[in-house]
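Visitor: Hi, I'm new to this one. Could you walk me through it?

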Amino acid sequence: MIEAVAERLEGAPRQLRRRWSDEFKAQVAAEALEPGASVSAIARRIGIHPSQLFAWRRDARAERHYCSRHSSDEGAVASMTGAVIEIAIGEVVVRAGRHVEEAHLQRVIRAVRSA
């Protein structure tokens, strides 16, 4: 009888999960968003799978879209960090999770502005 044991084989390469800084992701995503840029070529150059770069690019587009939609408000600055959206209105900073309903967030912003 053969017994199978799930163990790491000696000499097998151990791969650690790499962590990329937000600044690096933003820089590479911006490069991939340039007209005529090849996502596959950029991914190959930095040593990641193209699907990972497509996800970074999608996230960068979403952040740009969110910030551009709300940049017309005077005195308001919006940024997205991880799962939190931060909106600075004057000296007040409103922080909300990504899944907060837009209508609720609008009510909060109106209340901050009128205060």
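This is a predicted model: local features need pLDDT of at least 70, side-chain atom pairs count only at pLDDT 80 or more; totals for chains, interfaces and linings use all residues.

Visitor: Which residues make up the largest nonpolar core?
Guide: That core has 12 residues in all, including Val-28, Ala-32, Ile-42, Ile-46, Leu-53 and Trp-56. Helices α1, α2 and α3 each supply at least two residues of this core. Apart from it lies another core of seven residues, among them Ile-85, Val-94, Ala-96 and Ile-109.

Visitor: Why would residues like that end up together?
Guide: In soluble globular proteins, nonpolar side chains tend to be buried together.

Visitor: Let's zoom in on α2. Which of its residues are buried?
Guide: The buried ones in α2 are Val-39, Ile-42, Ala-43 and Ile-46. Looking down the axis of α2, they fall within an arc of 100°, so they line one face of the helix.

Visitor: Why does spacing along a helix matter for that?
Guide: An α-helix has 3.6 residues a turn, so residues three or four places apart point the same way.

Visitor: What's on the other side of α2?
Guide: Arg-44 and Arg-45 are there, and they are exposed. Just after α2 comes Gly-47, with a positive phi of about 85°.

Visitor: Back to Ile-46. What does it touch?
Guide: Not counting residues up to four places away in sequence, Ile-46 touches Arg-18, Trp-20, Phe-24, Val-28 and Trp-56. Take Val-28 from that list: Ile-46 and Val-28 are 18 residues apart in sequence, and their C-alpha atoms are 9.1 Å apart in space.

Visitor: New topic: how many salt bridges are there?
Guide: The count comes to two. In one of them, Glu-31 pairs with Arg-45, with the closest N and O atoms 2.9 Å apart. This pair links distant parts of the chain, since Glu-31 is in helix α1 and Arg-45 is in helix α2, 14 residues apart.

Visitor: Are those two buried or exposed?
Guide: Glu-31 counts as partly exposed, at 31% relative accessibility. Arg-45 is exposed, with a relative accessible area of 55%.

Visitor: Which residues form the other bridge?
Guide: Asp-59 and Arg-58, with their closest N and O atoms 3.8 Å apart. Asp-59 is partly exposed at 37% relative accessibility, while Arg-58 is exposed at 54%.

Visitor: What about Arg-57, where is that?
Guide: Arg-57 sits in helix α3. Arg-57 is buried yet has no salt bridge. The nearest side chain of opposite charge belongs to Asp-59, and it is 10 Å away.

Visitor: So what is Arg-57 in contact with?
Guide: Leaving aside neighbours within four places in sequence, Arg-57 is in contact with Ala-29, Ala-32, Leu-33 and Val-39.

Key:
Residues are numbered from 1 along each chain as its sequence is written. Side-chain values use heavy atoms; hydrogens and water are left out. A salt bridge is a side-chain nitrogen of Lys or Arg within 4 Å of a carboxyl oxygen of Asp or Glu. Helices (H or I, at least four residues) and strands (E, at least two) are DSSP runs, numbered from the N terminus. Buried means under 20% relative accessible area, exposed over 50%, partly exposed in between (1.4 Å probe, protein chains only). A nonpolar core is a set of buried Ala, Val, Leu, Ile, Met, Phe, Trp, Tyr and Cys residues joined through side-chain atoms within 4.5 Å. Lys and Arg count as positive and Asp and Glu as negative; His and the chain ends are not counted. Contact means heavy atoms within 4.5 Å. The arc is that of the directions from the helix axis to the C-beta atoms.
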